[in-house]
Amino acid sequence: MNIKTAPFLISILLFAGTAASGAAKASTVSCFVDISSAAGLTGASAQNVTWTDINRDNRPDAVITGNRNGPALEVFLNVEKDGGHGFVNFTEESGINRQPGISTGSRVGSFQIFGDVDNDGDADIFSGMYCEFEKPKTGTGSEIPLKDADGNIIFDKPDHGLRSEILLNDGAGRFTILSNSGVNLPPETAASAAFFDYDNDGNLDLFVGNWYKEYGISYISYPSRLYRGLGDGRFAEVTEAAGLLTQPTEGRPDSSRPVYGVSHCDWNNDGLQDILVSVYGRQANRLWKNNGDGTFTDVAPATGFDGDEIRHGRYPPGTKREPEGEWRSHGNTFSAACADYDNDGDMDVFLGEITHGWAGEASDRSSLLENLGEKSGFAFRRDAELLHRVHQSTKSWNQGDMRVTWLDFDNDGRLDLLVSSGDYPDGQYLRLYRQLKPGKFEDVTQEAGFNWESSAGISLADYDGDGYTDILAGKSWMRMPKDKRIGDFPAGALFKNETVNKNNWLAVILEGKGTGGANKNAIGARVTLKTGKTRQVREVLSGTGNAGQANSLTLHFGLGRAKKIDALEVRWGDKAGSVSVFKNVPVNTYIKIGQSPEILTPLARTGTKN
């Protein structure tokens with residue numbers, strides 16, 4: 001292991017606000033205010049949302065996907081506005097929707113994830129395209145494919161010629177499709193993906209989760225695929241060589257399963273990134289353990305990640321359905337959010353599930369999976385009662401918890417939980433749960449100021465640099481009655497965090513060496529922060545679940561009343577096992593750490609706090 005202890009050779013990015021040290025009064029609960037209109041985030045249909053810095057100015061920009069008489073994808077740059085921060089529409093200039101010339105239709109990706117795939121210092125894009133071209137058209141109430149006069153199967157959707165693509169960034173936020181990237185074949189039902197460096201070679205790799213092949217006709221799914229990054233933006237598929245290739249069957253351990261979310265983290269503290277696969281259709285989740293030799297092993301059954309212990313498959317009385325087999329007695333998992341929520345040094349997971357009252361107890365609910373550590377083999381203890389909710393009906397209730405993420409919204413040093421629920425018209429909202437102590441949370445949604453019904457995609461960043469995490473939230477009109485559909489399309493919200501207290505904080509931006517070191521984004525790197533007896537761990541994560549859900553790559557630490565940081569350790573995640581340790585790190589500021597530490601030019605920007 002190469003450990004490098006350095007003095008304070010970290011650039012101070014003047015992105016810090018003044019509120020943490022100068023607040024006039026304390027508040028125990030945050031107040032979030034939707035400022036999307038005043039900030040300039042208007043006119044966009046917002047379902048899935050992502051914060052990412054597309055033009056290398058260390059400000060999080062907003063990328064918003066929705067549907068406005070067809071798929072829509074828009075980019076908003078974070079700029080100085082009226083002495084603060086606002087947004088300008090940069091969609092046309094970005095070229096993000098430019099089609100490759102093989103189709104007359106507009107190319108809008110089904111979802112996108114961001115990472116520096118060519119190690120030149122800027123955010124590139126994997127633009128995933130959901131392609132359901134092998135599903136046959138059937139008659140009403142039938143599973144038998146329809147055929148034309150010549151006996152050929154008639155397919156439900158025509159092939160529009162568009163595929164998943166890699167879009168390279170020129171450094172200023174302008175994107176161009178990379179030809180022969182290696183990720184655009186075959187056309188499959190891509191539903192989510194994540195960048196990470198599975199072999200620690202300094203180049204980002206890509207895992208793509210695929211869904212059903214013939215939804216509504218069979219349970220057959222496409223295999224999810226692993227692509228090894230070559231360092232120049234191109235990829236080579238290594239699914240079979242990595243032991244990840246699954247089969248077009250139903251109900252077997254090696255069967256392909258419908259994937260709705262892809263996440264990654266170092267679940268077992270061995271310095272390697274593992275793959276967490278959120279599976280739909282009440283089939284078992286997968287936890288692909290990184291073996292360190294280029295292969296993976298599914299350890300979900302051994303760790304309890306696959307599903308809860310209730311597997312009888314029976315429906316409650318009054319539900320006219322035959323019992324399911326054990327392989328269909330798990331959950332409808334959409335997201336798996338990794339974090340060391342209890343500050344014990346290992347990564348825990350919260351699973352976001354869609355659950356229905358009529359499905360009965362064998363259908364998994366959203367759950368906290370507490371990592372029990374090395375002595376247990378890093379098994380999980382599942383708690384499905386952590387977030388107690390009262391439903392409007394005892395039998396017909398729904399929980400549409402499709403997106404979940406962790407944040408320390410009040411900077412008290414304890415991670416809190418944000419749950420985005422939607423798609424059902426019976427009280428599905430954006431909900432905030434404050435952590436009181438490990439295993440105990442309280443619902444502070446109302447006090448926080450949320451009234452965001454049928455919430456969709458969520459993404460976290462301190463967009464204005466004041467030291468408090470803000471929330472970008474999308475909205476879904478799925479199954480919503482007309483009287484709740486305000487406007488011409490579902491618009492999003494920018495919930496500015498207006499917490500006022502005396503807690504301190506630190507924000508960390510990492511930059512890897514690239515090929516031969518850690519990848520440029522340092523995705524997968526782990527930062528451990530020690531203040532007194534408290535130790536906090538964060539990992540740089542590119543994806544946390546459904547439809548490319550992701551937060552800003554900046555790591556945010558709430559410090560409570562701690563006034564100094566005793567030590568900051570970076571485990572870079574490269575082949576050499578490099579670790580950097582820093583002392584005398586200031587609080588209430590942004591810092592940028594390079595893998596080969598150097599003093600960088602300060603950025604003369606400050607956030608504001610009302």
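Predicted model: local features only at pLDDT ≥ 70, side-chain atom pairs only at ≥ 80, totals over all residues.
Two strands pair if DSSP finds at least two bridges between them. Gly 115, for instance, stands opposite Asp 124 in β9.

- Antiparallel pairing holds together an open sheet of 4 strands, in the order β8-β9-β10-β11.
- β8 (111-115) and β11 (175-177) stand at the edges.
- Each edge strand has a single partner strand, so one side of each is left without a neighbour in the sheet.
- On average, neighbouring strands of this sheet are turned by 25 degrees against each other, direction ignored.
- β8 and strand β9 (residues 124-128) run antiparallel and are joined by 5 bridges.
- Within β9, Asp 124 is the residue that Gly 115 stands opposite.

**The sheet from β19 to β34**

- A further open sheet has 5 strands in the order β19-β18-β17-β16-β34, and its pairing is antiparallel.
- Its edges are β19 (296-298) and β34 (544-546).
- One side of each of these edge strands lacks a neighbour in the sheet, because each has a single partner strand.
- Neighbouring strands here are turned by 20 degrees against each other on average, direction ignored.
- Strand β16 (residues 259-265) pairs with strand β17 (residues 274-279) in the antiparallel sense, over 6 bridges.
- Gly 261 has Ser 278 as its bridge partner in β17.

**Aromatic pairs**

- The structure holds 31 aromatic pairs.
- One of them joins Phe 196 and Tyr 198, with 6.4 Å centre to centre and 55 degrees between the planes.
- This pair is tilted, because planes under 30 degrees apart count as stacked, over 60 as edge-to-face and the rest as tilted.
- Phe 196 is buried, at a relative accessible area of 1%.
- Tyr 198 is buried too, at a relative accessible area of 7%.
- Tyr 212 and Tyr 280 form an edge-to-face pair, with 6.4 Å centre to centre and 80 degrees between the planes.
- This pair links distant parts of the chain, 68 residues apart.
- Tyr 212 sits in the loop between β13 (205-210) and β14 (225-229), while Tyr 280 sits in the loop between β17 and β18 (286-290).
- Tyr 212 has a relative accessible area of 3% and is buried.
- Tyr 280 has a relative accessible area of 18%, and this residue counts as buried because the cut-off is under 20%.
- Ring pairs also build a cluster: Tyr 130, Trp 211, Tyr 212, Tyr 215, Tyr 219, Tyr 260, Tyr 280, Trp 327 and Phe 334 are linked in this way.

**The largest pocket**

- The largest pocket holds about 1300 Å³ of space.
- Its lining is made of 44 residues.
- Gln 47, Asn 48, Ser 110, Tyr 130 and Tyr 260 lie nearest the centre of the pocket.
- Tyr 130 and Tyr 260 also belong to the cluster of ring pairs.
- β5 provides the largest share of the lining, 3 residues.
- By class, the lining has 23 nonpolar, 14 polar and 7 charged residues.

Note on methods: Residues numbered from 1 in each chain as written. Heavy atoms only, no water. 1 Å grid on protein atoms, 1.4 Å probe; cavity = no way out; pocket = protein on both sides within 12 Å on 5 of 7 lines; lining within 4 Å. Points joined across faces, edges and corners; volume = space filled by probe spheres on them. Helix = DSSP H or I, 4+ residues; strand = E, 2+ residues; numbered from the N terminus. Nonpolar A, V, L, I, M, F, W, Y, C, P; charged D, E, K, R; others polar. Axes fitted to C-alpha atoms, helices over the stretch in contact; angles between N-to-C directions. Phe/Tyr/Trp six-rings, centres within 6.5 Å; stacked < 30°, edge-to-face > 60°. Buried < 20%, exposed > 50% of the residue type's maximum accessible area, 1.4 Å probe, protein only.
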